[in-house]
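Take a look at the model below before reading on.

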Amino acid sequence: MKHWQDPANGVLGAWLILSPWLLGLQADRVVTINFVVVGLLLAATALGAILLPRAWEEWTGAALGAWLMASPWILGFAGNALAVQVAIFTGLAAVVLTLWVLATDKEYGDWWHRMVG
């Protein structure tokens, strides 16, 4: 395992998969499908990053987190405060974790080091 952030993103993916039932959101099909699909993709990306680390997996995790944060408004469940909170905080955590890896790993973060250095 190259980065501790990858298993953390795997846990975020598992949380998303389970959260509709743990929080009583399963009645909203859009929320449930969104959280389960994004959770599966985030967990799969994290597993890939653990087993065969590549920068594209981190970028994919960041994109999934960004989608998650925007999804309440794009998919129309912004009126569900609890679902919005899950989407925003879980998405933000995924983005922060993946950008952290990209910014600190010399192999992945060469673009960052050129930009700020």
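What follows is a short tour of this model, which is predicted.

Begin with helix H1, which runs over residues 5–22. Its 18 residues reach 24 Å from the first C-alpha to the last, close to the 26 Å expected at 1.5 Å a residue. The helix has a kink of about 30° at Leu 16, shortly before the proline Pro 20. Just after H1, Gly 24 takes a positive phi of about 75°.

The buried residues of H1 include Asp 6, Asn 9, Leu 12 and Leu 16. Helix H2 (29–51), helix H3 (55–75) and H4 are among what covers the buried residues of H1.

Thr 90 is found in H4, which spans residues 81–104. Thr 90 counts as buried because its relative accessible area is 5%, and the cut-off for buried is under 20%. Beyond its neighbours within four places in sequence, Thr 90 is in contact with Leu 12, Trp 15, Leu 16, Leu 68 and Gln 85. With Trp 15 there is also a polar contact of 3.2 Å between the side chains.

Where is space left inside? A search of the whole structure finds one cavity of 30 Å³ or more. The largest cavity holds about 50 Å³ of space. Its lining includes Asp 6, Asn 9, Glu 57, Glu 58 and Thr 98. H1, H2 and H3 are the elements that give two or more residues to this lining, and H2 gives the most, with four residues.

Note on methods:
Residues numbered from 1 in each chain as written. Predicted model: local features only at pLDDT ≥ 70, side-chain atom pairs only at ≥ 80, totals over all residues. Heavy atoms only, no water. Buried < 20%, exposed > 50% of the residue type's maximum accessible area, 1.4 Å probe, protein only. Polar contact = N/O pair within 3.5 Å; in protein donor to acceptor, adjacent residues only side chain to side chain. Contact = heavy atoms within 4.5 Å. Expected span 1.5 Å × (residues − 1). Bend = angle between axes of the 7 residues up to and from the residue. 1 Å grid on protein atoms, 1.4 Å probe; cavity = no way out; pocket = protein on both sides within 12 Å on 5 of 7 lines; lining within 4 Å. Points joined across faces, edges and corners; volume = space filled by probe spheres on them.
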